[in-house]
Amino acid sequence: MLKPSVTQQFPEERPQKDKTFFSLLPANYRGVHRLNRDEQGRTKCVACYMCSTACPAHCIDIVAAPSPWPDREKYPETFVIDELRCIYCGMCEQACPVDAIELTTLFDLTGFSREEMMFDKEKLLSVFDETVKMGTDPVRTRTGRLSVASELPPEGGVTTSSTAQM
Ligand code: SF4
Ligand code: SF4
């Protein structure tokens, strides 16, 4: 007869992914972005501009440069997302042909200035490192699949190791 409390004592209690209904953070929640690393720890991004072209909020700014690596022509010399302008639609994730950009389940995005909320490449790669370390966000994007932002991660997920290279 007694219903469990639905009030969550945030920030003492934090919603977690895949928990009970009342403390649930959906596994396909679209929060702060990350730039994914490849198995060598480099950014996967090939600076193709597909994400910035698809972005309805025009909040991705990329400067491409010749790649220092032989397996691609270009890489992002700079890559900045205005996290205040973003509407967290996931279109960038869907547009990326190499699964380099992904929205994570990090939701508590705060800062004291607009400049702080402009996430550059280093920051976006550090979000990858942080989420992989926490184990909350396995790499879930799969090239060629549509609507990846709305899909749940595979059972057990897939994680990628990281290093300091970019
Ligand atoms: S989530 Fe949507 S609005 Fe935000 S950067 Fe990606 S495409 Fe742009
Ligand atoms: S994140 Fe993906 S879509 Fe965006 S520029 Fe890099 S490779 Fe292209």
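This is a predicted model: local features need pLDDT of at least 70, side-chain atom pairs count only at pLDDT 80 or more; totals for chains, interfaces and linings use all residues.

Modeller: Residues are numbered from 1 along each chain as its sequence is written, chains are lettered from A and ligands numbered from 1 in the order in which they are written, and side-chain values use heavy atoms, with hydrogens and water left out.

Biologist: Why is Trp69 called buried?

Modeller: Buried means under 20% relative accessible area, exposed over 50%, and partly exposed in between, with a 1.4 Å probe and protein chains only. Trp69 has 17%, so Trp69 is buried. Tyr75 also has a relative accessible area of 17%, and is therefore buried. Of the 166 residues in the chain, 41% are buried.

Biologist: What makes Trp69 and Tyr75 an aromatic pair, and of which kind?

Modeller: Rings of Phe, Tyr and Trp (its six-membered ring) pair if their centres lie within 6.5 Å; planes under 30 degrees apart count as stacked, over 60 as edge-to-face and the rest as tilted. The structure holds 1 aromatic pair. In that pair, Trp69 and Tyr75 are 5.5 Å apart centre to centre with 75 degrees between the planes, so the pair is edge-to-face.

Biologist: How do you know that Arg42 lies over the face of Trp69?

Modeller: A charge sits over a ring if NZ of Lys or CZ of Arg is within 6 Å of the ring centre and within 35 degrees of the ring normal. Arg42 is at 5.0 Å from the ring centre of Trp69. Lys123 lies over the face of Phe119, at 5.1 Å from the ring centre.

Biologist: Why do β5 and β7 count as paired?

Modeller: Strands are DSSP runs (E, at least two residues), and helices are runs of H or I with at least four residues, numbered from the N terminus. Two strands pair if DSSP finds at least two bridges between them. Strand β5 (residues 74–82) is joined to β7 by 2 bridges, so the two strands pair. Ile81 has Phe119 in β7 as its bridge partner. The open sheet has 3 strands in the order β4-β5-β7, with antiparallel pairing.

Biologist: What makes β4 and β7 edge strands?

Modeller: Strands β4 (60–66) and β7 (118–119) each pair on one side only.
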